[in-house]
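Student: Before we start, could we go through this model by asking, for each label, what value stands behind it and which cut-off it is set against?

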Amino acid sequence: MTQTPVEPLLAQMAGDLSALLERRGVEDPAMVGIHTGGVWVARELHRSLGLEQPLGSLDITFYRDDFTRIGLHPQVKPSDIPFSVDERHIILVDDVLHTGRTIRAAMNEIFDYGRPASVILAVLVERGGRELPIEADVVGTRLQLVLGEHVKLTGPDPLVLEVH
Ligand code: 5GP
Ligand code: MG
C-alpha cells in the first residue's frame with residue numbers, strides 16, 4: 001500500500017498558489033472549500049496564505065437519478081459564501097479531482113452568487129478519470145488509480161494518503 005505524507009503536499013500547494021496569485025496580479029482573493037474533505041484542505045491553505053476574506057464552503061452530495069445507468073450526479077446543498085462573489089478572484093479547493101462533476105456543480109453554484117473575476121482550482125489529489133473538460137491549476141499529487149481503487153486520507157498524526 002502506498003502511503004504519502006500530506007503536510008509537504010499542503011506546503012507545496014500553498015507555495016504554488018502564492019506564485020500563481022502573484023503571477024496573475026490577483027488582489028484580495030477568497031477561498032471556497034467543498035465539503036467535507038475540501039473544507040479541511042482549504043482551512044490549511046487559507047491559514048498558510050493568510051487570506052483576509054473569510055473561508056467559504058459548498059456542500060455537494062451525490063445522488064443517482066437513473067438506476068439503469070451507473071452515474072453520479074453531484075447536487076449542491078446550502079452553502080456558506082460569506083463574501084461578495086462579484087468581480088472577486090475565487091480559489092476553489094477540493095480533496096480529490098476525479099470525473100470533474102463535483103467541480104462543475106460547484107462552479108454552477110458559485111455563479112448563482114455573482115460573476116467572479118476568475119476561478120482557480122486547487123486539489124490535494126488529481127486521480128485521473130475525467131469525464132468533463134476540467135483541470136486543476138494547483139495539484140498536491142497526481143495518482144493514477146485503476147477502477148475500484150480510491151484514495152483515503154488517514155491520520156491525524158501523521159496525516160497520510162493511502163490508496164486502497
Ligand atoms: P468527481 O466529482 O470529480 O468525480 O469526484 C470528486 C469528489 O468525489 C471529491 O469531492 C471527493 O470528495 C470524492 N472522491 C472522488 N474520488 C475519491 C477518492 O478516491 N477518494 C476520496 N477520499 N474521495 C474521492
Ligand atoms: Mg468531496
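Tutor: Let us take Gly37 first, which in this predicted model is found in helix 2.

Student: Why is Gly37 called buried?

Tutor: The relative accessibility of Gly37 is 18%, and buried means under 20% relative accessible area, so Gly37 counts as buried.

Student: What makes the peptide bond from His35 to Thr36 worth a remark?

Tutor: The peptide bond from His35 to Thr36 is cis, with omega near -10°, and Thr36 is found in the loop between strand 2 (30-34) and helix 2. Most peptide bonds, by contrast, are trans.

Student: How do you know whether Asp28 is buried, partly exposed or exposed?

Tutor: Asp28, whose place is in the loop between helix 1 and strand 2, has a relative accessibility of 36%. Buried ends at 20% and exposed begins over 50%, with partly exposed in between, so Asp28 counts as partly exposed at its 36%. Asp28 also has a phi near 50°, which is a positive value in a residue other than glycine.

Student: Which other residue has a positive phi although it is not a glycine, and what makes it exposed?

Tutor: That residue is Glu87, with a positive phi of about 65°, and Glu87 is found in the loop between strand 4 (73-80) and strand 5. Exposed means over 50%, and because Glu87 has 53% relative accessibility, Glu87 counts as exposed. As background to both phi values, most residues other than glycine have a negative phi.

Student: Why is Ile91 called buried, and which residues does Ile91 touch?

Tutor: Ile91 is found in strand 5 and has 0% relative accessibility, so Ile91 counts as buried under the limit of 20%. Not counting residues up to four places away in sequence, Ile91 touches Leu17, Leu21, Pro29, Ala30, Met31, Val32, Leu51 and Ile120. Ile91 and Ala117, which are 26 residues apart in sequence, are 11 Å apart in space from C-alpha to C-alpha.

Student: What makes a set of residues a nonpolar core, and which members of the largest one touch the most other members?

Tutor: The members must be buried residues of the nonpolar kinds, joined through side-chain atoms within 4.5 Å. The largest such core has 28 residues, of which Met13, Leu17, Met31, Leu45, Ile91, Val93 and Leu124 touch the most other members. Helix 1 (7-24), helix 2 (37-49), strand 5 (89-97), strand 6 (118-126) and strand 9 (160-163) each supply at least two residues of this core, and the largest share, seven residues, comes from helix 1. A second, separate core has 20 residues, including Val32, Leu92, Ala105 and Val139. In soluble globular proteins, nonpolar side chains tend to be buried together.

Student: Why is Thr141 called buried?

Tutor: Thr141 lies in strand 7 (residues 138-142) and has a relative accessible area of 16%, so Thr141 is buried by the limit of 20%. Leaving aside its neighbours within four places in sequence, Thr141 is in contact with Leu9, Leu124, Val125, Glu126 and Leu161.

Student: How do you know that Thr99 makes a polar contact with ligand 1?

Tutor: A polar side-chain atom of Thr99 lies 2.5 Å from an oxygen atom of ligand 1, and a polar contact is a pair of N or O atoms within 3.5 Å.

Student: Which residues around ligand 1 come nearest, and what classes are found in the shell?

Tutor: Of the 12 residues around ligand 1, Asp94, Thr99, Gly100, Thr102 and Val151 come nearest. By class, the shell has three nonpolar, five polar and four charged residues, and strand 5 gives the most to this shell, with three residues.

Student: What makes Thr102 buried?

Tutor: Thr102, whose place is in helix 3, has 16% relative accessibility, and so Thr102 counts as buried, the limit being 20%. The C-alpha atoms of Thr102 and Ile60 are separated by 7.1 Å, although the two residues are 42 residues apart along the chain.

Notes: Residues numbered from 1 in each chain as written. Chains lettered and ligands numbered in written order. Predicted model: local features only at pLDDT ≥ 70, side-chain atom pairs only at ≥ 80, totals over all residues. Heavy atoms only, no water. Buried < 20%, exposed > 50% of the residue type's maximum accessible area, 1.4 Å probe, protein only. Helix = DSSP H or I, 4+ residues; strand = E, 2+ residues; numbered from the N terminus. Near = heavy atom within 4 Å. Polar contact = N/O pair within 3.5 Å; in protein donor to acceptor, adjacent residues only side chain to side chain. Nonpolar A, V, L, I, M, F, W, Y, C, P; charged D, E, K, R; others polar. Contact = heavy atoms within 4.5 Å.
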